[in-house]
Amino acid sequence: MLGAWHDGPGPAHQRLSDRLRLLVLDGRLALGAALPSERDLALTLGVSRTTVGTAYRALADAGYLGTHPRSRAVVRLPDEGTPGVPTAPLSSTIDLSFAAPAAPGVILHRAFTQALEQLPRHFGRRGYERDGVAELREAVARWYGRRGLATRPEQILVTNGAQHAVALIARTLLTPGDRVVIEHPTYPHAIKALTDVGSRLVPVALEPDGWNVEQLRAASRNAKLAYLIPDFHNPTGLCMPADIRRRIRLDCPVVVDDDRAVQSDAAADVGGHAQSGGVVEVGNQVGQLRIPARRAQLFHVPPVGFQRYRDQGD
């Protein structure tokens, strides 16, 4: 289980403690498990007892081991506020060089702790959920219901980010030469996903005050699909007003890249299209928290078309 823990830079006790911490965090060392004594582990690994003792103390100081006199160390997770658990510094300065806020250390740590506690319930499965973990899809369906859009878990797919979702939609709905209405400017990676399948883009310029409903409607008449970002538009930051959102009735299916997921008033109007099968909604619905390389993207599909998207994802 420890593998090649001794490889890499740094003193042996640090490499050992780092390896043990990883085993705790990924669930291979279960919470409450008793570790071997310092003497036994030192003999097994062929290192000094001092090395093991120093590694154990580092883990205990960081909150990953519980220790008591004359008892073996027990695996645990740091409590909120435990020394060694980093938290994001408070600052009035917004760093615009990143497209994400600082991670909320305490909230994120609590979420990972709760997830690790629930992990054993999934051990009986294969470890790969093609459509997403059932509990997550059920929670997202309830979330859509609170927004006014009746949704079943079977309409939710979990993907590995917005670009994955848009690419899956493009492969499902488009063929080479199909016209796709987009805002100009728009999210550059969405452009790539749409052009990768050979579609022809029909850009409609965003005006200083936002979207021109008449131009979008005219562009959609001979289009196979439209891709819109009504909330916190990338790259302009615009949000589509509720009255414009209610007036938009395009003549083709619409992919709504919904990145708000906090307030539901305007988003529910877009959901009105989905009742007739006209909208596929892509959205980061999990608390609006973005962490590089740790994003789950969700998208809502009409009931009739779900199997087509599922097949394209295989």
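Visitor: Why is Trp-143 called buried?
Guide: Its relative accessible area is 17%. Buried means under 20%, so Trp-143 is buried. Please keep in mind that this is a predicted model.

Visitor: And Tyr-144, what makes that residue buried?
Guide: The same cut-off of under 20% applies. Tyr-144 has a relative accessible area of 0%, so Tyr-144 counts as buried.

Visitor: How many aromatic pairs does the structure hold?
Guide: There is one. Trp-143 and Tyr-144 form this pair, with 5.3 Å from centre to centre.

Visitor: What makes Trp-143 and Tyr-144 an aromatic pair, and how are their planes arranged?
Guide: Rings pair if their centres lie within 6.5 Å, and here the value is 5.3 Å. Planes over 60 degrees apart count as edge-to-face. The planes of Trp-143 and Tyr-144 are 80 degrees apart, and this pair is edge-to-face.

Visitor: Which residues of H5 are buried?
Guide: They are Arg-137, Val-140, Ala-141, Trp-143 and Tyr-144. Seen down the axis of H5, these buried residues fall within an arc of 155 degrees, so they line one face of the helix.

Visitor: Why can residues a few places apart point the same way?
Guide: An α-helix has 3.6 residues a turn, so residues three or four places apart point the same way.

Visitor: How do you know that the span of H5 is close to what is expected?
Guide: Helix H5 runs over residues 134-146 and has 13 residues. After H5 comes Gly-148, which has a positive phi near 100 degrees.

Visitor: What does the span of H6 tell us?
Guide: Helix H6 covers residues 162-173, and its twelve residues should span 16 Å at 1.5 Å a residue. The end C-alpha atoms of H6 are 16 Å apart, which agrees.

Visitor: Why is H6 called mostly covered?
Guide: Nine of the twelve residues of H6 are buried. Among them are Ala-162, Val-166, Leu-168, Ile-169 and Leu-173.

Visitor: How are H6 and H7 placed, roughly parallel or roughly antiparallel?
Guide: Their axes come within 9 Å and cross at roughly 25 degrees. Angles under 35 degrees count as roughly parallel, and therefore H6 and H7 are roughly parallel to each other. Their crossing is right-handed.

Visitor: Why are H1 and H3 called oblique?
Guide: H1 and H3 pack at an angle of about 50 degrees, with their axes 8 Å apart. Roughly parallel needs under 35 degrees, and roughly perpendicular begins at 65. H1 and H3 are therefore oblique to each other. Their crossing is right-handed.

Visitor: Where is Gln-14 found?
Guide: Gln-14 is in helix H1, residues 12-25. Gln-14 and Ala-55 are 41 residues apart in sequence, and their C-alpha atoms are 6.2 Å apart in space.

Visitor: Why does Gln-14 count as partly exposed?
Guide: Buried is under 20% and exposed is over 50%. Gln-14 has 37% relative accessibility, so Gln-14 counts as partly exposed.

Visitor: Which peptide bond next to Pro-235 is cis?
Guide: The bond from Asn-234 to Pro-235 is cis, with omega near 20 degrees. The bond from His-184 to Pro-185 is cis too, with omega near 0 degrees. Pro-185 sits in the loop between strand S4 and helix H7.

Technical notes: Residues are numbered from 1 along each chain as its sequence is written. This is a predicted model: local features need pLDDT of at least 70, side-chain atom pairs count only at pLDDT 80 or more; totals for chains, interfaces and linings use all residues. Side-chain values use heavy atoms; hydrogens and water are left out. Helices (H or I, at least four residues) and strands (E, at least two) are DSSP runs, numbered from the N terminus. The expected span of a helix is 1.5 Å times one less than its number of residues. Buried means under 20% relative accessible area, exposed over 50%, partly exposed in between (1.4 Å probe, protein chains only). The arc is that of the directions from the helix axis to the C-beta atoms. Rings of Phe, Tyr and Trp (its six-membered ring) pair if their centres lie within 6.5 Å; planes under 30 degrees apart count as stacked, over 60 as edge-to-face and the rest as tilted. Axes are lines fitted to C-alpha atoms, for helices over the stretch in contact, and angles run from 0 to 180 degrees between N-to-C directions. Angles under 35 degrees count as roughly parallel, over 145 as roughly antiparallel, 65 to 115 as roughly perpendicular and the rest as oblique. A crossing is left-handed if the near helix is turned anticlockwise from the far one by less than a right angle, and right-handed if clockwise.
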